[in-house]
Amino acid sequence: MSAATTRSRTPDRLCAEAVDLARSAAEEAAAPGVVGEHVSLVAEGDRVVTHFFEAKELGYRGWRWAVTVTRASRAKIVTLDETVLLPGPDSLLAPEWVPWSERLRPGDLGPGDLLPTEAEDLRLEPGFTGEDVPPPNSVVAETVPPSHDLVERVEAEDAELTERRPIDESVANGRGAIASVAEELGMRRARVLSRYGLHVAADRWDESFGAQTPMAQAAPASCASCGFLVPLAGSLRQAFGICANEFSPADGRVVSLSYGCGAHSEAAVMPKPPQPAPHVFDSMGTDEFPLRPAREGGSVSSEPDGESEDLGHS
């Protein structure tokens, strides 16, 4: 260790004894009664010492007034260098500043707010502008009127070319036809989702409503077999859909096909209420209807009736 380093770590005696000078400088910068007790001192270098005083101001818990004093070589007069309020090891600090683009969270956008996107946003890529010439084998190129070479080949093959309606100049150069087809395909926007943007959105949706969520782990079946699932268009339909069950926690949300909940359409189907069987009528047999009650019933006397015998009745 060099001698200069040893001297810099040893506080200068005259500078270390200048506590009153440092306190008066701190009170001048702050206010009387705000500067507290002397806490410590640190040797900043040769004949340079910083004195720390407790700060009693409201809202600055743990902060310290730092007053740096120094003296010239071979001089006995200590002079003031600087006075500043610094945070201590256990001080209350504000959170580290974060740019607004990193502080923004889903749900922060309110009515009337505008959220700008960067010109080089990785989630987006330029859409179809109509200025580029499409490849010869593309679907868009097939809509362009046939050239003279095509007409010559048709005549050489002895084929018949159907009549086409007159075309204006905008269609003749291919711009009008290309723009119309691009608009039908949804490609006439200035920017569209890039492959990275699709992957980021898919990861975000799968994290919220995917197979690893607690709801999906306890579900009786996945959304792939649910009748309330509305499929998406494009490549995302292979893994995602929209829930249309108002009783599901994911109603109106994009859900993964591997997600599931207890409101699955086939999880518990309520049985139909039982219906009584229809009455059976026997139209083939005969029913016996006696003219008088049976004697075993007790309502008919066991003695024969004379008048009935005379009439031939038994």
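How do the residues of the lining of the largest cavity divide into nonpolar, polar and charged? They divide into nine nonpolar, four polar and no charged. Here Ala, Val, Leu, Ile, Met, Phe, Trp, Tyr, Cys and Pro count as nonpolar, Asp, Glu, Lys and Arg as charged, and the others, Gly among them, as polar.

Before going further, some housekeeping. This is a predicted model, in which local features need pLDDT of at least 70 and side-chain atom pairs count only at pLDDT 80 or more, while totals for chains, interfaces and linings use all residues. Residues are numbered from 1 along each chain as its sequence is written, and side-chain values use heavy atoms, with hydrogens and water left out.

Back to the cavity. The search runs on a 1 Å grid over the protein atoms alone: a cavity is a set of points where a 1.4 Å probe fits but cannot get out, a pocket is an open set with protein on both sides within 12 Å along at least five of seven lines, and lining residues have an atom within 4 Å of a point. Points are joined across faces, edges and corners, and a volume is the space filled by probe spheres set on them. By this rule there is one cavity of 30 Å³ or more. The largest cavity holds about 90 Å³ of space. Its lining has 13 residues, and Cys223, Cys226, Cys243, Ser248 and Cys261 lie nearest the centre.

With those cysteines in view, how many disulfides does a search of the whole structure find? It finds zero, a disulfide being a pair of cysteine sulfur atoms within 2.5 Å. For cysteine 223, the nearest cysteine sulfur is that of cysteine 226, 6.0 Å away. Cysteine 223 counts as buried because its relative accessible area is 10%; buried means under 20%, exposed over 50%, and partly exposed in between, with a 1.4 Å probe and protein chains only.

Now the chain as a whole. It has 11 helices and nine strands, where helices (H or I, at least four residues) and strands (E, at least two) are DSSP runs numbered from the N terminus. Of the 314 residues, 23% are buried. Among contacts with a separation of 6 or more, 50% are between residues 24 or more positions apart, contact meaning heavy atoms within 4.5 Å.

Next, the cores. In soluble globular proteins, nonpolar side chains tend to be buried together. A nonpolar core is a set of buried Ala, Val, Leu, Ile, Met, Phe, Trp, Tyr and Cys residues joined through side-chain atoms within 4.5 Å. The largest one has 16 residues, and Phe53, Trp65, Val67 and Val69 have the most contacts inside it. Helix H3 (19–29), strand E2 (48–55) and strand E3 (63–70) each supply at least two of its residues. E3 gives the largest share, four residues. Apart from this core lies another, of eight residues, including Phe209 and Cys243.

Valine 69 is worth a look. Beyond its neighbours within four places in sequence, its contacts include Cys15, Leu21, Arg47 and Val78. Cysteine 15 counts as buried because its relative accessibility is 0%.

Which element gives the most to the lining of the largest pocket? H9 does, with six residues. Helix H4 (100–103) and helix H9 (195–208) are the elements that give two or more. The volume of this pocket is about 870 Å³. Its lining numbers 25 residues, with Ser101, Leu104, Leu115, Asp121 and Arg123 nearest the centre. They divide into 13 nonpolar, four polar and eight charged.

Last, backbone angles. Most residues other than glycine have a negative phi, and most peptide bonds are trans. Arginine 47, in the loop between strand E1 (35–45) and E2, has a positive phi of about 60°. Arginine 47 counts as partly exposed because its relative accessibility is 29%. Arginine 74, in the loop between E3 and strand E4 (79–87), has a positive phi near 70°. Arginine 74 counts as exposed, because its relative accessibility is 85%. Alanine 72 is also in the loop between E3 and E4, with its C-alpha 9.4 Å from that of valine 48, 24 residues apart in sequence.
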